[in-house]
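The exercises below ask you to read a protein model step by step. Try each task on your own before you turn to its worked solution.

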Amino acid sequence: MTGARVSIQTEDFDLQTEVAALRQADARVGAVCSFIGTVRDRNDGSTVASMELEHYPGMTEKAIEAMIDEAHRRFDILGARVVHRVGLLQPLDQIMMVAVISAHRGQSFQACEFLMDYLKTQAPFWKKEQTPEGARWVDARVDDDAALARWGITASNA
C-alpha cells in the first residue's frame, strides 16, 4: 500500500473508495475487513443531539500510526487504513473507519478488531455530546479497557 495509512478530517468518507485505494489491485489480497463507527442518537440513557470530536494534530496521527505498526507486528496483514473525523457530527454521521487487507480472512478480522480496541482506548480524541441536560464529555468505559486487555495490553482509562 502506498497511500496514507491515517487521515484525520472533518469531511465524510466513502468506504468503497477507501478500500479500493487500500487494495490498489494487489492480487495477494484475499480478504478485506472493515468497521465503520457512527454517531448514535442515545448514550448512557440520554438523547444525543450532536457530538463534537477534538484531537491534537500530529500527535493523534502519530499514535494511530504506531497502532497500525503494532497490528503489522501481530498479524499477517498486507495493509491497514484508519480514517477518523473530527469536528461537529450529528446522529447517523460516520465517525471513523478501519479497513484491513490480508491474504486470509482470519488475519483481517483479528487485526481490524485489534485496531478498533486499541483506537477506542489509546487514540487521543476527546468527545463531547450535546444532550437535553447540556454538554458532557464522554468518558472512557471499563468495557473498552477489558477489550484491549484481551490483546495483552493493559490500560486504565475508565
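**Exercise 1.** How many salt bridges does the structure hold?

*Solution.* The model is a predicted one, and the count for the structure is 10 salt bridges. One of them lies between the side chains of D26 and R28, with 2.6 Å from N to O, and R28 has a relative accessible area of 53%, so this residue is exposed.

**Exercise 2.** Describe the salt bridge between E70 and R74, and classify both partners as buried, partly exposed or exposed.

*Solution.* Begin with the contact itself, in which the side chains of E70 and R74 meet at 2.8 Å, N to O. Next, consider their positions: because the two residues are four apart in helix 2, about one helical turn separates them. Then apply the cut-offs, under which buried means under 20% relative accessible area and exposed means over 50%, with partly exposed in between. E70 has 17%, so it is buried, whereas R74 has 34% and is therefore partly exposed.

**Exercise 3.** Which parts of the chain does the salt bridge between D117 and R150 tie together?

*Solution.* First note that the closest N and O atoms of D117 and R150 are 2.7 Å apart. D117 belongs to helix 3 and R150 to the segment after helix 4, so the pair ties together parts that are 33 residues apart in sequence.

**Exercise 4.** Which residues make the nonpolar surface patch of about 460 Å², and where is M59 found?

*Solution.* The patch is made by Y56, M59, W126 and W137. Of these residues, M59 is found in helix 2, which covers residues 59-74, and with 43% relative accessibility M59 counts as partly exposed. R73 also lies in helix 2, but its relative accessibility is 61%, so R73 counts as exposed.

Conventions
Residues numbered from 1 in each chain as written. Predicted model: local features only at pLDDT ≥ 70, side-chain atom pairs only at ≥ 80, totals over all residues. Heavy atoms only, no water. Patch = residues over 30% accessible without salt bridge, like charges linked within 9 Å, V, L, I, M, F, W, Y side chains within 5 Å. Areas by Shrake-Rupley, 256 points an atom, 1.4 Å probe, with all protein chains shown as cover. Salt bridge = Lys/Arg side-chain N within 4 Å of Asp/Glu carboxyl O. Buried < 20%, exposed > 50% of the residue type's maximum accessible area, 1.4 Å probe, protein only.
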